[in-house]
Amino acid sequence: MPTIRTDLAHCVATRVIRRERKGSSSPVVAETTDGARFVKLHGASQGTAPLVAEIIVGELADAIGLSVPERSFVELPTGIPSDDQNDELRDLLDRSMGTNLGFALLEGGRDLTASEFGSANLVTAARVLWLDILVQNLDRTPRNANLMMRRGTIWLIDHGACLPFQHDWSSVTESHPGRGYDIEGHVFGWASPVLGDVHAQCAPLLTREVLRAAAQPVPDAWIGGDATRRREGFAAFLWKRLVAMERSFNAPEGA
Ligand SMILES: Nc1ncnc2c1ncn2[C@@H]1O[C@H](COP(=O)(O)OP(=O)(O)O)[C@@H](O)[C@H]1O
Ligand SMILES: [Mg+2]
């Protein structure tokens, strides 16, 4: 029985080292009381919804044995020193005082190249595809794969655009969790023939308890509305989507 964690570690940032220019959400690398962290800031223009998705999907990826950088909360104190003196960055840091989301820094890691998309291990590729179907991740395309390579392991990054239904809870209907997914547009779409097997292996790992626990670390201030109800809402949506996936993978040919 895996241990179900309901909180993330906390640390305090002591210095901002640099901005990450590749990302659209202006992440930074910061020195903290617990070592260097890759930090996504709550004051970024996308708001806190991507941070919510990062926490929940990171927990689900862990639960099915995929590699995703460990998450932790990083407190940003007022007036934190920054080696990068850019004015826009200063404004962003000022807007992001308080709790932000840190990730273990993948030192020596690099973005996966297009030529590697087709040669990934079949089981890993299919698990990534399966997870992305579950969480409705459209950010794993050849142009924007959000996969890193480090010491021969593929790491999943950037789950900020997953769980898109959280942007409009009022439009979530009973049929919503059963919506289709564009497998063709996914970097690992070629692994789809084994999705049924992967579903049989992974779905039992995502019990209702695991789904509920995945949303527990999300801070109330990030989740909005009635936070307790919304955490339950994430778990309920994911559960219904798993049931819908079960039906589609077990459907007879041509159904
Ligand atoms: N944990 C990490 N450690 C080191 N570099 C990272 C880490 N996460 C992301 N990166 C690098 O930063 C870039 C942007 O990160 P990403 O999470 O995709 O941000 P965004 O949400 O802004 O697109 C990635 O393409 C990758 O090169
Ligand atoms: Mg990205």
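The legends below describe close-up views of a predicted model.

Local features require pLDDT of at least 70 and side-chain atom pairs pLDDT 80 or more, while totals for chains, interfaces and linings use all residues. Residues are numbered from 1 along each chain as its sequence is written, and chains are lettered from A and ligands numbered from 1 in the order in which they are written.

View 1. The protein is divided into domain 1 (9-104) and domain 2 (111-249), with bounds from an automatic or database domain assignment. Their C-alpha centres lie 21 Å apart. The contact (C-beta atoms, placed from the backbone, within 7 Å) takes 24 residues from domain 1 and 28 residues from domain 2. Helix α1 (residues 49-63) gives the most to the domain 1 side, with 14 residues; helices are DSSP runs of H or I of at least four residues, and strands runs of E of at least two, numbered from the N terminus. That side has 15 nonpolar, 7 polar and 2 charged residues. Nonpolar denotes Ala, Val, Leu, Ile, Met, Phe, Trp, Tyr, Cys and Pro, charged denotes Asp, Glu, Lys and Arg, and the others, Gly among them, are polar.

**View 2. The surroundings of ligand 1.** Ligand 1 is surrounded by 18 residues, each with its C-beta atom, placed from the backbone, within 6 Å. The closest are G23, S25, F38, L106 and D158. By class, the shell holds 8 nonpolar, 6 polar and 4 charged residues. Both domain 1 and domain 2 supply at least three residues each.

**View 3. Pairing of strands β2 and β3.** Strand β2 (residues 28-32) and strand β3 (residues 35-40) pair in the antiparallel sense over 5 bridges; pairing requires at least two DSSP bridges. T32 stands opposite G35 in β3.

Notes: Contact = placed C-beta atoms within 7 Å.
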